[in-house]
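These are notes on the model for a colleague's reading.

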Protein chains: 2
Amino acid sequence: MTQAANIKAPFDRDVQFAAKRRSVILSAASAFRRRGYHNTSMVDIAQSLGLTKAALYYYVKNKEEILYESHAMTYASMDEVLQSQQPNELSGRDALEAVFRNFVELLTQSGVSLLTDVDSLKGEWKLQILAHRNKIERHVIEIVKCGQADGSIRSGDPRLYVFFFMGALNWLNAWYDVEGRLKGEDIADHFVLQLRQGIMK
Amino acid sequence: MTQAANIKAPFDRDVQFAAKRRSVILSAASAFRRRGYHNTSMVDIAQSLGLTKAALYYYVKNKEEILYESHAMTYASMDEVLQSQQPNELSGRDALEAVFRNFVELLTQSGVSLLTDVDSLKGEWKLQILAHRNKIERHVIEIVKCGQADGSIRSGDPRLYVFFFMGALNWLNAWYDVEGRLKGEDIADHFVLQLRQGIMK
DNA sequence: TTAAAATTTGAACCTTGAGTCAAATTTATT
DNA sequence: AATAAATTTGACTCAAGGTTCAAATTTTAA
């Protein structure tokens, strides 16, 4: 029991710390989404958590690191969506539709935010986030290509399908309000239908 | 002739001034689009015009005023597009398609930028820009409703059609590069087709 | 109960970039 | 060429907000 306590205690600490760090980032990300990165001060972030500006620096190196982690979290979630697909069971069109639906639900249901302010990141951080975004876009482009190969998606530059697609997501993220009249699932239904029709032959 | 000169001289001055002021705003708007409002300093704006920071204040009251005028110019151009439509000659779908094509061409061909950073405007300025944007959105929503009434557009919440639509435009504006491989007209063709199919029955 | 570790804070510091202004320079007019 | 107006500038001020840190407070384990 003494041993159990010895082992458990430091573990709990780390979990606590990680959880609080995560809540800092999620709360900040939500503010960044609503007001923008530069219109959100460290004081704002701290206050919305009942803390002081200085306390944030116990969890985080920089303001920029918060932005980086916000982006990273979002793209990690999107990666999960992409990984959870069983690639060969569906037509390209159905696969794209499923991914799109999951993305819309991710942005409306869980608190994940798709941020646009990549240019406030510098150097390596910026490169990493852009690379991650590109990776995701390329993955989706591949799905479109599969759909064109199996005949379920119209011909045309696959990148343009994906840009259209990503545009809807980014904009959704900007106007969607959890408290608003439009419910996440309805939005998903509409968007998915519009996408499906837009890409079929 | 003396009179002609007297009349002409002050007029020329105003034209010069207005033209230079306009070029300040256009140049700044382009930088805002590429790097973001807060990542663009007054020095940056001045340098790209071969001027000094201080000289900008001869043409403009504020940095915020530049942002305001950037937004205002864009929405004025979009208004022109909407006004140039002959409403009753086309089906709703065709009208929407025409508007969308013109918007895409506006953003790719002329230097007009659709900025997202409304939250960096304060008070009355912010309200005016939001009102202008709403007005345009409502206009487009009306077109969608016409299309639903005349049977050329599928049923469904008209706002969602417009959000999808606006998302594509905003995102286009973020990634489009005049120097890039994708040519404006091709993008317009693709986007219009995807929209058309996406909204028809 | 106590001491060590973890967490939080108040009060500064420091950098960046917006904005000002009187003086210098350029341009237009006679 | 002379002068008045328009335009531009260098050098400065100023505020906002990100960052630091030593000290205070809270939490945990024995």
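Which pattern does chain A follow when read along the sequence? The pattern is α-α-α-α-α-α-α-α.

1. Basis. This is a predicted model, in which local features need pLDDT of at least 70 and side-chain atom pairs count only at pLDDT 80 or more, while totals for chains, interfaces and linings use all residues. Residues are numbered from 1 along each chain as its sequence is written, and chains are lettered from A and ligands numbered from 1 in the order in which they are written.

2. Chain A overall. Chain A has eight helices and zero strands; helices (H or I, at least four residues) and strands (E, at least two) are DSSP runs, numbered from the N terminus. Taken along the principal axes, the box filled by the C-alpha atoms of chain A is roughly 65 × 45 × 40 Å. Chain A has 201 residues, of which 33% count as buried. A residue is buried if 20 or more other C-beta atoms lie within 10 Å of its own, exposed if 12 or fewer, and partly exposed in between, with C-beta atoms placed from the backbone.

3. Contacts in chain A. Two residues are in contact if their C-beta atoms, placed from the backbone, lie within 7 Å. Among the contacts in chain A with a separation of 6 or more, 73% are between residues 24 or more positions apart.

4. α5 and α8 in chain A. Two packed helices are described by the angle between their axes and the distance between the axes. For helix α5 (residues 92–108) and helix α8 (residues 184–199) of chain A, the axes come within 9 Å and cross at roughly 150°. Axes here are lines fitted to C-alpha atoms, for helices over the stretch in contact, and angles run from 0 to 180 degrees between N-to-C directions. α5(A) is therefore roughly antiparallel to α8(A); angles under 35 degrees count as roughly parallel, over 145 as roughly antiparallel, 65 to 115 as roughly perpendicular and the rest as oblique. The crossing of α5(A) and α8(A) is right-handed, where a crossing is left-handed if the near helix is turned anticlockwise from the far one by less than a right angle, and right-handed if clockwise.

5. Residues of that pair. On the α5(A) side the residues include L96(A), F100(A) and V104(A), and those they meet in α8(A) include I187(A), F191(A) and L195(A). By class, the contact of α5(A) with α8(A) has nine nonpolar, two polar and five charged residues. Ala, Val, Leu, Ile, Met, Phe, Trp, Tyr, Cys and Pro count as nonpolar, Asp, Glu, Lys and Arg as charged, and the others, Gly among them, as polar.

6. α4 and α5 in chain B. The axes of helix α4 (residues 63–83) of chain B and α5(B) come within 10 Å and cross at roughly 150°, and the two helices are therefore roughly antiparallel. The crossing of α4(B) and α5(B) is right-handed. S77(B), M78(B), V81(B) and L82(B) of α4(B) meet V99(B), N102(B), F103(B) and L106(B) of α5(B). This contact of α4(B) with α5(B) has six nonpolar, two polar and no charged residues.

7. Relation of the copies. Chain B is superposed on chain A by a rotation of 180° with 0.0 Å of shift along its axis, at an RMSD of 0.0 Å. That is the relation of a two-fold axis. Copies are superposed by least squares on the C-alpha atoms of residues with pLDDT of at least 70 in both. In chain B, the residue that comes closest to the rotation axis is G198(B), at 1.9 Å (C-alpha). The same surface serves both copies, since 100% of the contact residues of chain B recur in chain A.

8. Interface. Chain B and chain A contribute 29 residues each to the contact. On the side of chain B that touches chain A, α7 (158–175) and α8 each supply at least two residues, and the largest share, 11 residues, comes from α7(B). This side of chain B divides into 13 nonpolar, 12 polar and four charged residues.

9. Two residues of chain B. A46(B) is found in helix α2 (residues 42–47) and is partly exposed because 19 other C-beta atoms lie within 10 Å. Leaving aside neighbours within four places in sequence, A46(B) is in contact with L51(B), T52(B), K53(B), A55(B) and L56(B). L193(B) lies in helix α8 of chain B and counts as partly exposed, with 15 C-beta neighbours inside 10 Å.
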